[in-house]
Amino acid sequence: MKSTRRNLLKGLGLASAGYLGFPSATLAGQYQQKTKGLSQVKITKVKAIATCPHGIELIVVKVETSEPGLYGIGCATFRQRAHAVVAAIDSYLNDFCIGRDVDNIEDIWQATYQSSYWRNGPVLNNALSGLDQALWDIKGKRANMPVYQLLGGKCRFGIDCYAHASGNSPGEVSESVQSFMERGFRHVRIQMGGYGASQLLGGYGDQKTPAAPDFKQQKFGMPNDNYMDSVVYTKSVLDMFATVRSQCGEKVELLHDIHERVQPMEAIRLIKGLEEFRPFFIEDPFSPENNRYFPILRQQTSVPIAMGELFNSPHEWTDPMKNQWFDYIRIHVSQIGGITPAMKVARLGEAFNIRTAWHGPGDVSPVGHAANAHIDFAIWNFGIQESVHFSDTLKEIFPGSPWVENGYMYVNEAPGHGVDINEKEAKKYPIPAVQMNNWTQLRKNDGTLIRP
């Protein structure tokens with residue numbers, strides 16, 4: 001019987017096409033007729049497009065194909081190592097990917113990830129992420145669907161976002177929060193200036209303390225290195241939460257990012273002190289090297305924790321998620337390699353009641369923000385998304401960018417990511433020859449570097 005069926009399909013030219021799983025030759029023939037336009041498409045070129053509007057280096061991967069006019073784009077931005085990522089894309093990915101079938105995203109991802117032998121490096125992971133997102137963009141265009149449809153369709157009408165409020169005093173932060181509430185945001189992250197409140201030199205509320213730290217007076221380190229006093233920082237955060245909660249009420253959800261700037265026990269003490277103000281979450285209390293402190297933190301407080309911005313490897317998040325050490329997984333999608341691994345992380349989180357809060361700062365291109373949003377639409381265990389405002393310049397470079405309205409992010413319904421790139425406009429803003437090298441250069445009074 002099987003032999004007769006196989007011969008029949010073979011005679012119709014269908015067996016060789018791999019349609020033996022259909023219950024009848026008629027159905028197989030109908031499928032072949034409807035999909036005959038989807039011919040095999042090969043990668044013909046992979047290249048980096050670098051642009052730097054507003055002083056922020058953005059790197060995009062463009063994948064061109066054997067089908068005329070069909071291409072995909074993805075975000076590979078890693079601004080601290082932008083030139084290295086560009087080199088990895090142009091000098092490595094291009095040669096490696098030419099001739100591969102664009103439909104086989106998982107196979108291409110695995111092959112690229114393993115081909116360097118040593119893996120989980122941020123430079124190659126970002127290059128891989130741009131490639132992966134570009135392939136999903138192509139698949140969406142081939143299917144004539146937005147990417148979120150390929151991931152399972154929508155679980156929500158919009159992507160709930162949090163805004164960023166700041167100021168140099170608790171009162172200024174409170175005013176900033178109120179302005180975002182008036183614009184429809186229900187979640188606001190509050191920071192007293194920069195990470196670690198490094199601008200509060202001289203001590204918070206103590207004008208007698210010298211403004212210049214000892215290491216600067218001794219000319220240790222580099223002139224533009226920043227200073228942080230952890231005691232000043234923790235006190236300022238407690239005061240900030242008390243003021244904002246008192247002046248803005250209980251309806252707004254408040255978030256804060258420690259950014260791994262204090263020692264683990266200081267972070268635990270701070271989070272315990274914030275419990276009465278009901279934070280939505282506190283982000284990144286520990287550096288990746290200090291993950292083992294999470295069980296202690298869990299025993300001490302019920303404040304929700306978001307973690308993962310610096311995670312690079314599955315080995316860094318698998319056990320913590322399984323052990324439910326935090327409540328929100330906050331990985332940087334391009335840091336781990338794109339949509340393909342991010343979906344796996346999201347599914348892992350669903351099994352352990354961990355929600356997503358993808359990293360979405362200003363140094364992610366609109367393509368990367370669109371990728372975040374397409375995942376956010378499709379996963380049940382979405383938690384919150386970091387919001388971003390795109391200038392008119394960015395919209396000219398990246399037509400079709402996502403947008404935020406009443407605190408929700410949306411993507412257009414065009415096939416793929418819905419975002420394109422205007423290469424002519426992008427070229428007007430070349431990336432600088434010298435990269436930003438001191439963003440993490442924060443020191444204690446004696447000059448010891450503080451890890452982010």
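Mentor: The accessible surface of the protein chain comes to about 20,200 Å², and carbon and sulfur atoms hold 52% of that surface. Such areas come from the Shrake-Rupley method with a 1.4 Å probe, and for residues only the protein chains shown count as cover. This is a predicted model, in which local features need pLDDT of at least 70 and side-chain atom pairs count only at pLDDT 80 or more, while totals for chains, interfaces and linings use all residues. Residues are numbered from 1 along each chain as its sequence is written, and side-chain values use heavy atoms, with hydrogens and water left out.

Trainee: What makes A426 a buried residue?

Mentor: Buried means under 20% relative accessible area, exposed over 50%, and partly exposed in between (1.4 Å probe, protein chains only). A426 has a relative accessible area of 0%, so A426 is buried. In the protein chain, 52% of the 452 residues are buried.

Trainee: Which residues are in contact with A426, leaving aside its neighbours within four places in sequence?

Mentor: Contact means heavy atoms within 4.5 Å. With those neighbours left aside, A426 is in contact with I49, A50, T51 and I397.

Trainee: Why are helix 7 and helix 9 called oblique to each other?

Mentor: Axes are lines fitted to C-alpha atoms, for helices over the stretch in contact, and angles run from 0 to 180 degrees between N-to-C directions. Angles under 35 degrees count as roughly parallel, over 145 as roughly antiparallel, 65 to 115 as roughly perpendicular and the rest as oblique. The axes of helix 7 (residues 170-182) and helix 9 (residues 230-248) cross at roughly 45 degrees and come within 9 Å. Helix 7 and helix 9 are therefore oblique.

Trainee: Which residues make that contact between helix 7 and helix 9?

Mentor: Helix 7 contributes P170, G171, V173, S174, V177, Q178 and M181, and helix 9 contributes D239, M240, T243, V244, Q247 and C248.

Trainee: Why are helix 9 and helix 10 described as roughly parallel?

Mentor: Helix 9 and helix 10 (residues 264-274) pack at an angle of about 15 degrees, with their axes 10 Å apart. That angle falls under 35 degrees, and helix 9 and helix 10 are therefore roughly parallel to each other.

Trainee: Where do helix 9 and helix 10 meet?

Mentor: S230, Y233, T234, V237, L238 and F241 in helix 9 meet E266, L270, G273 and L274 in helix 10.

Terms used
Helix = DSSP H or I, 4+ residues; strand = E, 2+ residues; numbered from the N terminus.
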